[in-house]
Amino acid sequence: MTAIPPRVYSGISSATSHHPSHPPQHALEPSPAKWWITTGLYPQELVLTLADPVKVSKIKLASTKVAKWVIEGCDAENFQDIKTNWKAVSEKTIDDVEGGLQQTTMDLSEPHRELRHLRLIIPKGYNAFASVHQITVYASEA
């Protein structure tokens, strides 16, 4: 299992909220000084697009105040197919960590399936706001 280098990410193609000081793209930055913050109400989500389809095996997430993660995957190449081609690939309820980051590893249910897009959904949180500090995607080795 190998971490996918950030250059393989096309980036965050969609997000439910945007704060000018903490935009969605910050969730992909390795710097602890950068993160994405939600701006109220749940659910919240980020859609991460990969440059090419990849057999994703797991995702590691660093966050605060997230009560549950749901990960969906899509192998669609064009935007029109993205609307309906999502499939749940992982789900996890996580404990709150007072004063620190939640470190969560999400194993995917179908690590052999190539995905082009990942939808990271926060259906509920422990506070009105949650933050995502790091997203690391791991590929299955052939």
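Contact here means heavy atoms within 4.5 Å. This is a predicted model: local features need pLDDT of at least 70, side-chain atom pairs count only at pLDDT 80 or more, and totals for chains, interfaces and linings use all residues. Residues are numbered from 1 along each chain as its sequence is written, and side-chain values use heavy atoms, with hydrogens and water left out.

Q: Which residues does D95 touch, not counting residues up to four places away in sequence?
A: D95 is in the loop between β6 (87–93) and β7. Strands (E, at least two residues) and helices (H or I, at least four) are DSSP runs, numbered from the N terminus. Beyond residues up to four places away in sequence, D95 touches Q102 and Y126.

Q: Is D95 buried or exposed?
A: Buried means under 20% relative accessible area, exposed over 50%, and partly exposed in between (1.4 Å probe, protein chains only). D95 has a relative accessible area of 64%, so it counts as exposed.

Q: What distance separates the C-alpha atoms of D95 and K65?
A: K65 sits in the loop between β4 and β5 (66–74). At 18% relative accessibility, K65 is buried. Along the chain, D95 and K65 are 30 residues apart. Their C-alpha atoms are separated by 8.7 Å.

Q: What is the phi of K65?
A: K65 is a residue other than glycine, yet its phi is positive. The value is near 60 degrees.

Q: What is the relative accessible area of L41?
A: L41 lies in the loop between β3 and β4. L41 is not a glycine, but has a positive phi of about 25 degrees. The residue counts as exposed because its relative accessible area is 74%.

Q: Which peptide bond is cis, with omega near 5 degrees?
A: P43 has its place in the loop between β3 (36–37) and β4. The cis bond runs from Y42 to P43.

Q: Which residue stands opposite T104 in β7?
A: Two strands pair if DSSP finds at least two bridges between them. Strand β4 (residues 44–64) runs antiparallel to β7, and 6 bridges join them. Opposite T104 stands L61.

Q: Which backbone oxygen does the side chain of R116 reach?
A: R116 lies in strand β8 (residues 114–125). With 14% relative accessibility, R116 is buried. Leaving aside neighbours within four places in sequence, its contacts include L48, T49, D52 and C74. At 2.5 Å, the R116 side chain reaches the backbone oxygen of L50.

Q: What radius of gyration does the chain have?
A: The radius is taken over C-alpha atoms, and the globule rule is 2.2 Å times the number of residues to the power 0.38. For 142 residues, a compact globule would come near 14 Å. The chain agrees, at 14 Å.

Q: How do the elements of the chain run from the N terminus on?
A: The chain has 1 helix and 9 strands. Among contacts between residues at least 6 apart in sequence, 76% join residues at least 24 apart. From the N terminus on, the order is β-β-β-β-β-α-β-β-β-β.

Methods
A polar contact is a pair of N or O atoms within 3.5 Å; within protein, one must be able to donate a hydrogen and the other to accept it, and residues adjacent in sequence count only if both atoms are side-chain atoms.
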